[in-house]
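Hi,

Here's the structure I promised you. Have a look at it first, then read on for what turned up around the aromatic rings.

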Amino acid sequence: MVRGSVLVTGGSGGLGGAVVAAFVEAGWRVVVPEREARPGSAPAAGVVRLVADLSEPADVTRAIEVAAGEPTAPLRAVVNLVGGYASGGLVHETPVEVFERMLTVNLRPTYLVTQAALPHLMSSGAGAVVCVSARAAVAPFPGAAGYVTAKAAVLAFANAVAVEYRHRGVRCNTVLPSVIDTPANRAAQPDADHSRWVTPAEIAPVIRFLASAESAPTSGATVPVYGRA
């Protein structure tokens, strides 16, 4: 039995693959927008992939139409994974363009996708949005003011959605990872103790739970997924 459709942004990233697999395993129809088609990737059962730039409203609208376009699997959840990280100097050393880029990469797609999906989630009667912020949003570190601010903005936005739609049948929760154990992060920090990092396979079930009916009483939650970091 298909539980419904879920749109997973950033579904091809280091965390995204585990999240997509977790939803497929649980019987969801999973729609994955990608900036570019992946050459040689074979279609997977339960997964619908399409090319879309989620910083562009027209592409977001098209992605949501695909996600909501299967009558036997109505759109019931959105998972906002897409984002990015860039370090820099201290605030007085960071150009405003670098600062604003972090807002564009992390906040704009989350806003646009959630905004476009909300009417469909309301009509389903039991919709859910899960956003991914970061521990840095509540425990900043130096040299990444743009990233810290953008992830804090994602958290604030998710909380606003939770309040606005609590009586409209839509829940919104946020997970806050520490450093995620991905190949890219290992390459960037080769000398770190990777055993302390949280893995995508550990985060994915938490996200799936927050998107599912099992977490129906929960909205506006901020869930730390730090591992031992």
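Let's start with a charge over a ring: the charged end of Arg168 is placed over the ring of Tyr165, 6.0 Å from the centre. Another arginine, Arg135, lies over the face of Tyr226, and here the distance to the ring centre is 4.7 Å. Keep in mind that this is a predicted model.

How many aromatic pairs does a search of the whole structure find? It finds four.

Tyr147 has 13% relative accessibility and counts as buried, because the cut-off for buried is under 20%.

Tyr111 and Phe157 make a tilted pair, 5.4 Å centre to centre with 55 degrees between the planes. Tyr111 is in helix α4 (residues 108–124) and Phe157 in helix α5, so the pair links distant parts of the chain, 46 residues apart. Tyr111 is partly exposed with a relative accessible area of 39%, whereas Phe157 is buried at 17%.

One last thing to find on your screen: Tyr85 and Tyr147 form one aromatic cluster together with Phe141.

Cheers

Technical notes: Residues numbered from 1 in each chain as written. Predicted model: local features only at pLDDT ≥ 70, side-chain atom pairs only at ≥ 80, totals over all residues. Heavy atoms only, no water. Phe/Tyr/Trp six-rings, centres within 6.5 Å; stacked < 30°, edge-to-face > 60°. Buried < 20%, exposed > 50% of the residue type's maximum accessible area, 1.4 Å probe, protein only. Helix = DSSP H or I, 4+ residues; strand = E, 2+ residues; numbered from the N terminus. Lys NZ or Arg CZ within 6 Å of the ring centre and 35° of its normal.
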